[in-house]
Amino acid sequence: GQSLEQPSEVTAVEGAIVQINCTYQTSGFYGLSWYQQHDGGAPTFLSYNALDGLEETGRFSSFLSRSDSYGYLLLQELQMKDSASYFCAVRDYDFNKFYFGSGTKLNVKP
Amino acid sequence: DAGVTQSPTHLIKTRGQHVTLRCSPISGHKSVSWYQQVLGQGPQFIFQYYEKEERGRGNFPDRFSARQFPNYSSELNVNALLLGDSALYLCASRPDRVDYNEQFFGPGTRLTVL
């Protein structure tokens with residue numbers, strides 16, 4: 001089975017940098033994804049790491065270390081609109097299944 | 001192009017009833033997955049369908065069933081509703097490529113069981 005753990009809540013100020021961690025216990029997976037979900041909205045895809053290392057997409061970067069069973073999402077130049085919940089997710093080797101973490105609520109303050 | 005659409009938006013049922021939720025994937029997407037999201041938690045995988053066949057099933061009781069139609073739209077059925085079935089039900093589609101990892105989610109159906 002798959003188990004992904006994230007901090008429940010993180011608070012940061014506008015313009016700052018914040019890192020949201022994801023530790024996992026899995027029986028094997030293809031890669032680690034990150035999704036953003038605003039209150040009342042649908043999850044939207046942010047990034048995907050198939051291999052170890054850093055992937056950068058604009059203000060967002062994501063990192064994966066399979067040896068440490070660990071990944072993170074890095075958000076730079078925080079904006080108020082970044083206030084949302086962020087979920088890490090793995091794509092199981094039975095590649096038809098995606099497993100999500102419990103989510104981290106990011107609060108961005110002025 | 002339209003995104004993933006789901007209907008209805010909201011639904012209120014009583015215990016013991018059954019419910020049918022509907023999903024239309026993005027045009028050209030043959031894979032549809034269903035998720036249950038309880039308030040404050042991450043989406044939990046229920047089913048994945050591809051070409052009208054069930055390709056994956058999560059840890060949900062047999063009260064939950066689904067099907068996919070020739071136009072790739074899908075229905076999720078839940079029988080004998082329990083209070084604990086109250087949740088946001090999300091549908092997601094993705095292209096028919098093994099190496100494609102992004103899922104496109106619909107706005108969800110908010111189910112309340114009284």
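How much accessible surface does chain A have, and what share of that surface belongs to carbon and sulfur atoms? The total is about 5100 Å², with 49% from carbon and sulfur (Shrake-Rupley method, 1.4 Å probe).

## About the model

This is a predicted model, where local features need pLDDT of at least 70 and side-chain atom pairs pLDDT 80 or more, while totals for chains, interfaces and linings use all residues. Residues are numbered from 1 along each chain as its sequence is written, chains are lettered from A and ligands numbered from 1 in the order written, and side-chain values use heavy atoms, without hydrogens and water.

## Overall fold

Chain A has 0 helices and 11 strands (DSSP runs: H or I of at least four residues for helices, E of at least two for strands). Its C-alpha trace spans about 40 × 30 × 20 Å along the principal axes.

Of the 110 residues, 51% are buried (under 20% relative accessible area, 1.4 Å probe, protein chains only). Looking at contacts (heavy atoms within 4.5 Å) with a separation of 6 or more, 57% join residues 24 or more positions apart.

## A close look at A:Ser62

Let's zoom in on strand 7, residues 60-65, which holds A:Ser62. A:Ser62 is buried, at a relative accessible area of 0%. Beyond its neighbours within four places in sequence, A:Ser62 touches several residues, among them A:Trp34, A:Asn49, A:Leu54 and A:Tyr72.

Methods
Buried < 20%, exposed > 50% of the residue type's maximum accessible area, 1.4 Å probe, protein only.
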